[in-house]
Amino acid sequence: MSLYGLVICGGESMRMGTDKSLLVYYQKPQYEHVADLLAPLCERVILCCNAEQHKTFRTGYPKLTDMPKFGGAGPMSGLLTAFETFPGNDFLVAGCDYPYLTTTDLANFLHDTDKDLTAAAFYNQNAFYEPLLGWYSRSAGNALLKTFENGSRSLQRFLQAEKAGKYRPMSEQTMLSVDTMEDFRAVKQALEADNDFQNGNQFDNQP
């Protein structure tokens with residue numbers, strides 16, 4: 001049994017007005033940045049994307065397009081496709097919406113997760129799971145398929161029904177989801193200011 005990383009790149013990004021997976025916070029497209037965050041923790045990292053993204057993404061990571069039979073289910077489509085394509089594995093899932101997410105956050109999450117559970121996910125102050133910051137065991141594949149066949153398309157309801165583990169990170173900022181261009185510009189500016197501050201401190205501390 002192996003842990004595979006799954007970057008969820010799809011979605012219509014209607015509120016953003018542009019593909020969120022292509023936004024650049026850290027000198028590279030977000031789909032590549034998130035894959036790099038997962039890579040140290042996983043045996044393999046896969047980009048789950050739509051047909052257009054599959055054609056245009058320039059990356060060394062393998063790309064996986066949603067199977068038509070699972071179409072129209074949002075992020076659930078990607079997970080179901082991954083479970084069918086790579087059976088017998090656990091998945092560590094991360095969406096492209098979270099610019100403050102780090103490998104350390106994901107490592108702490110994995111460390112605190114009870115692996116006897118079907119799934120676990122980050123859990124926010126509004127008492128909701130963040131399904132795209134989650135761990136889904138290999139046993140979750142069959143449970144998720146039954147949920148889909150019963151007509152549900154909500155990962156939130158799936159996690160609730162399975163009594164999934166709840167992980168509260170040290171900082172709520174980790175779960176900040178950027179969904180509008182205004183938010184993107186504000187976060188980008190904040191990250192650049194923080195980077196400039198850190199670089200300035202490094203120079204100040206030199207003898």
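This is a predicted model: local features need pLDDT of at least 70, side-chain atom pairs count only at pLDDT 80 or more; totals for chains, interfaces and linings use all residues.
Modeller: Residues are numbered from 1 along each chain as its sequence is written, and side-chain values use heavy atoms, with hydrogens and water left out.

Colleague: Why is D97 called buried?

Modeller: Buried means under 20% relative accessible area, exposed over 50%, and partly exposed in between, with a 1.4 Å probe and protein chains only. D97 has a relative accessible area of 14%, and is therefore buried.

Colleague: Where is D97 found, and what does the UniProt annotation say of it?

Modeller: D97 is found in the loop between β4 (90-95) and α4 (103-112); helices (H or I, at least four residues) and strands (E, at least two) are DSSP runs, numbered from the N terminus. An unreviewed UniProt entry annotates D97 as "binding site"; UniProt positions are given in the numbering used here, feature names are shortened, and annotations may be inferred rather than shown by experiment.

Colleague: With which residues is D97 in contact, leaving aside neighbours within four places in sequence?

Modeller: Contact means heavy atoms within 4.5 Å. On that basis D97 is in contact with K20, L176, S177, V178 and D179.

Colleague: What makes β3 and β7 the edge strands?

Modeller: Two strands pair if DSSP finds at least two bridges between them. The open sheet of seven strands runs β3-β2-β1-β4-β6-β5-β7, with mixed pairing. Strands β3 (63-65) and β7 (165-167) each pair on one side only, and are thus its edges. Within the sheet, β1 (residues 3-8) and β4 pair in the parallel sense over six bridges.

Colleague: Why are the buried residues of α4 said to line one face of the helix?

Modeller: The buried residues of α4 are D105, L106, F109 and L110. Seen down the axis of α4, they fall within an arc of 135°, so they line one face; the arc is that of the directions from the helix axis to the C-beta atoms. On the other side of α4, T104, H111 and D112 are exposed.

Colleague: Which residues have the most contacts inside the largest nonpolar core?

Modeller: A nonpolar core is a set of buried Ala, Val, Leu, Ile, Met, Phe, Trp, Tyr and Cys residues joined through side-chain atoms within 4.5 Å. The largest has 58 residues, and L6, V7, L38 and Y136 have the most contacts inside it. A second, separate core of eight residues includes L23, Y25, Y100 and F184.
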